[in-house]
Number of protein chains: 2
Amino acid sequence: MTIREVARATGLSVATISRVLNGLGPVREETRRKVLEEAERLQWVPHGAARALNTKKTKNLGVLLPDMHGEFFSEVIREIDLAARRHDYHVLVSSSHSDPAEMQAVLRALHGRVDGVIVMWPSSAAPRLGKQLLARMPAVLLNGVSRDRIDSLAIDNHGGAVAMMRHLVALGHRRIAFLEGPAGNYDADERLRGYRDVVRAARCERRPEWEIEGDFSEESGFRAGEAFRALRSLPSAVFAANDAMAMGFLSAVQAEGLRVPGDLALAGFDDIPMSRYAAPPLTSVRVPIGALGARAVERLLASLESASPRPPRHETFPTELIVRVSCGAPSQTLRHPISAFNATNVKEKKS
Amino acid sequence: MTIREVARATGLSVATISRVLNGLGPVREETRRKVLEEAERLQWVPHGAARALNTKKTKNLGVLLPDMHGEFFSEVIREIDLAARRHDYHVLVSSSHSDPAEMQAVLRALHGRVDGVIVMWPSSAAPRLGKQLLARMPAVLLNGVSRDRIDSLAIDNHGGAVAMMRHLVALGHRRIAFLEGPAGNYDADERLRGYRDVVRAARCERRPEWEIEGDFSEESGFRAGEAFRALRSLPSAVFAANDAMAMGFLSAVQAEGLRVPGDLALAGFDDIPMSRYAAPPLTSVRVPIGALGARAVERLLASLESASPRPPRHETFPTELIVRVSCGAPSQTLRHPISAFNATNVKEKKS
DNA sequence: TAGCGTTATGTAACCGGTTACATGATGCTC
DNA sequence: GAGCATCATGTAACCGGTTACATAACGCTA
């Protein structure tokens, strides 16, 4: 079933069929109706690849995600898909990439299948490779700051961590441990940096053993919780780099008989849905996942649809402190504004 | 940068370039090397749409998901993507469909963009619409039994629910409430059916108010937990149709001072990662998400690659009872075998 | 050295749309 | 009624690959 068959069935030419389909050239109302009727009757749908070949627009967006699990990623995909569909685009995902070379291979294979890509690559090594990888394809980096001339969006990880630490300090804590995310992960590193900045600024007690290793998984949090008792000096609060680890940690220390927040304050990051239902409900930092995905699509489409190349922009999304009872404070929500919220140009630099 | 430019640069014809690329016809080793070198130097990658147009293979698979959140969907996508990539396919997702008409529209738009689709449509209404929707595109139904001639895969929801109920009965419970999933959802309905079957078979006490409404969300579980006290007659156990609701419910009843499993046994379904870290760890029914996704891909590719149409098959995946302490039993794992595990032909019927 | 099979490569049609340009019909003005 | 603008439609080139078929070169045998 091709456009030519529809043309034959209606006694018109292929050009007219195409015009009706795309609402372009002038077409008599009667002709238009006849074409639509016949197309419907023959169940004809234009062939995506054929169309893509000469318009050079596939109406597909690629989404590349790192090798990680969890609710966070499903939310991002969901929001991206919703935003894309509003603009008549489809989403091609490729998840679970651990290694730059593999990602590059996928990126090449995407030539002619997508019009642009949204790349989420939280490895700190990303910026250096960004330019080489993405030079030939319009792209938006999600959650990895680019030092190249590529649009990018990020969460204010540092600001969120600082806000949480200040909250803990305000509650009187000076002995605060940090449960780290995977080394080399951009989000994890930024959150750690925020932790350290406040530890220094607020003259908190500092001990190397209070920077505990983790990898963002519930299990690593659980293991950290099991090992917690063995610390030579116990902190009064633990700030986990994400909620999943906080939940695992919570489960382990409660099994050991520790009471939260009575004996120990606990805080997380991400505010996943489950955190509200933890026992006790978990104080966390909310991350605007949906807004992030939608904005990435907007940005990408804007640069696809504008003829002239636009200067790359970097945008940081603010986070929000969600105070529940796991740190002993009364439940409330504090917005945490950051100065860099409005889009700011990244200063260009030679490659 | 097209194949013709590579041809010009090497002094060869486009046919030879194409042959080298696809490893087809006979090519001199020296020629092959020259082509590959030049392609690399010019950064040439074949154009997906052009290729798709005449091979009639896009090497893309579509995945249509319903309008639901949560870890379950991200796992399914992940596994599908991994399996697809092993076979050199890409995955085009379209999520958040609530309405058959909308889904049909997307399905049409996929013509010429994908070679086949994996459809997850847990609405009980799906089977009737399946044939009309999917007649023109190779498809595998995930988690919705088809009464039409379409391949399908499903979880043994009924068997899993029965196993859990028997476990509760074996622990001495006769007053068991069920926290339902959304009405019309296939998984939810099957789990409810399993609950009712055991209630009847084991002569459990029956009360209409013990079939509590829910919609699979944490929040609906939480609300059910808040309302729990108001029941005129309290059950000794609650079986939630999924873990997310169980977690919400747990949070609410614990806040009211109920002890689990002391005062009340609680069980879930899905065995999401978080369930292991609940306090108390949640007894649940494990669902083989990964295997399901991978198998769907295998099936779809098999029917794409075989020339002759193959008879549609329906396959049910077994579940596994995961016993933790939320029901008061000692922690252990029971496999629950079902008779229908091996693929069985769905009997064909006239449409 | 003619004849033939085998191997390496070239030529051009084709996939199913879009669109620049050509053509034909119609209505309006003077 | 000739000239011209406007509208509706048709013709055919083109997008960038693949592949059937043609051709050229080579080696081998009789």
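**The surfaces around the DNA**

Visitor: Which residues come nearest to DNA strand C?

Guide: The model is a predicted one. Of the 28 residues around DNA strand C, those that come nearest are A:I3, A:S18, B:A15, B:P26 and B:N54. Two or more residues of this surface come from each of helix 2 (14-22) and helix 4 (48-55) of chain A, and likewise from helix 2 (14-22) and helix 4 (48-55) of chain B.

Visitor: Which element gives the largest share of the surface near DNA strand C?

Guide: Helix 2 of chain A gives the largest share, six residues. By class, the surface near DNA strand C holds 14 nonpolar, eleven polar and three charged residues.

Visitor: Which residues come nearest to DNA strand D?

Guide: Around DNA strand D there are 28 residues, of which A:A15, A:P26, A:N54, B:I3 and B:S18 come nearest. Helix 2 of chain B gives the most to this surface, with six residues. Helix 2 and helix 4 of chain A, and helix 2 and helix 4 of chain B, each supply at least two residues there. The surface near DNA strand D is made up of 14 nonpolar, eleven polar and three charged residues.

**The two chains**

Visitor: How many residues does the contact take from chain A and from chain B?

Guide: In general, the size of an interface is often given as the accessible area lost when the parts come together. Here we may count residues instead: the contact takes 38 residues from chain A and 38 residues from chain B. On the side of chain A that touches chain B, the elements giving two or more residues are helix 4, helix 5 (71-86), strand 2 (90-97), helix 10 (218-228) and helix 11 (243-255) of chain A. That side has 17 nonpolar, 15 polar and six charged residues.

Visitor: In which sense do strand 2 of chain A and strand 2 of chain B pair, parallel or antiparallel?

Guide: Strands of a sheet pair through backbone hydrogen bonds, either parallel or antiparallel. Strand 2 of chain A and strand 2 (residues 90-97) of chain B pair in the antiparallel sense, over three bridges. Within strand 2 of chain B, B:V91 stands opposite A:V93.

**A sheet in chain B**

Visitor: What is the order of the four strands that form an open sheet in chain B?

Guide: The order is 7-6-8-9, and the pairing is parallel. Strand 7 (211-212) and strand 9 of chain B are the edge strands, each pairing on one side only.

Visitor: How many bridges join strand 8 of chain B to strand 9 of chain B?

Guide: Three bridges join strand 8 of chain B to strand 9 (residues 265-267) of chain B, and the two run parallel; B:A265 in strand 9 is the bridge partner of B:A237. Strand 8 of chain B also pairs in the parallel sense with strand 6 (residues 176-179) of chain B, over four bridges, and there B:V238 is the bridge partner of B:A177. From strand 8 (residues 237-240) of chain B, B:A237 and B:F239 point one way and B:V238 and B:A240 the other way, and all are buried. Strand 8, helix 11 (residues 243-255) and strand 9 of chain B make a right-handed β-α-β unit.

**Backbone details**

Visitor: Where is the cis peptide bond of chain A?

Guide: A cis peptide bond joins A:V260 and A:P261, with omega about 5°. A:P261 lies in the loop between helix 11 and strand 9 (265-267) of chain A. In chain B a cis peptide bond joins B:V260 and B:P261, again with omega about 5°, and B:P261 is in the loop between helix 11 and strand 9 of chain B.

Visitor: Is A:Q43, with its positive phi, buried or exposed?

Guide: A:Q43 is not a glycine, yet its phi is positive, about 60°. Its place is in the loop between helix 3 (29-41) and helix 4 of chain A. A:Q43 counts as exposed because it has 11 C-beta neighbours inside 10 Å. A:K59, also a residue other than glycine, has a positive phi near 60° and is found in the loop between helix 4 and strand 1 (60-66) of chain A. With 18 other C-beta atoms within 10 Å, A:K59 is partly exposed.

Terms used:
Residues are numbered from 1 along each chain as its sequence is written. Chains are lettered from A and ligands numbered from 1 in the order in which they are written. This is a predicted model: local features need pLDDT of at least 70, side-chain atom pairs count only at pLDDT 80 or more; totals for chains, interfaces and linings use all residues. A residue is near a molecule or strand if its C-beta atom, placed from the backbone, lies within 6 Å of it. Ala, Val, Leu, Ile, Met, Phe, Trp, Tyr, Cys and Pro count as nonpolar, Asp, Glu, Lys and Arg as charged, and the others, Gly among them, as polar. Two residues are in contact if their C-beta atoms, placed from the backbone, lie within 7 Å. Two strands pair if DSSP finds at least two bridges between them. A residue is buried if 20 or more other C-beta atoms lie within 10 Å of its own, exposed if 12 or fewer, and partly exposed in between; C-beta atoms are placed from the backbone. A crossover is right-handed if, with the strands pointing away from the viewer, the path from the first strand over the helix to the second runs clockwise.
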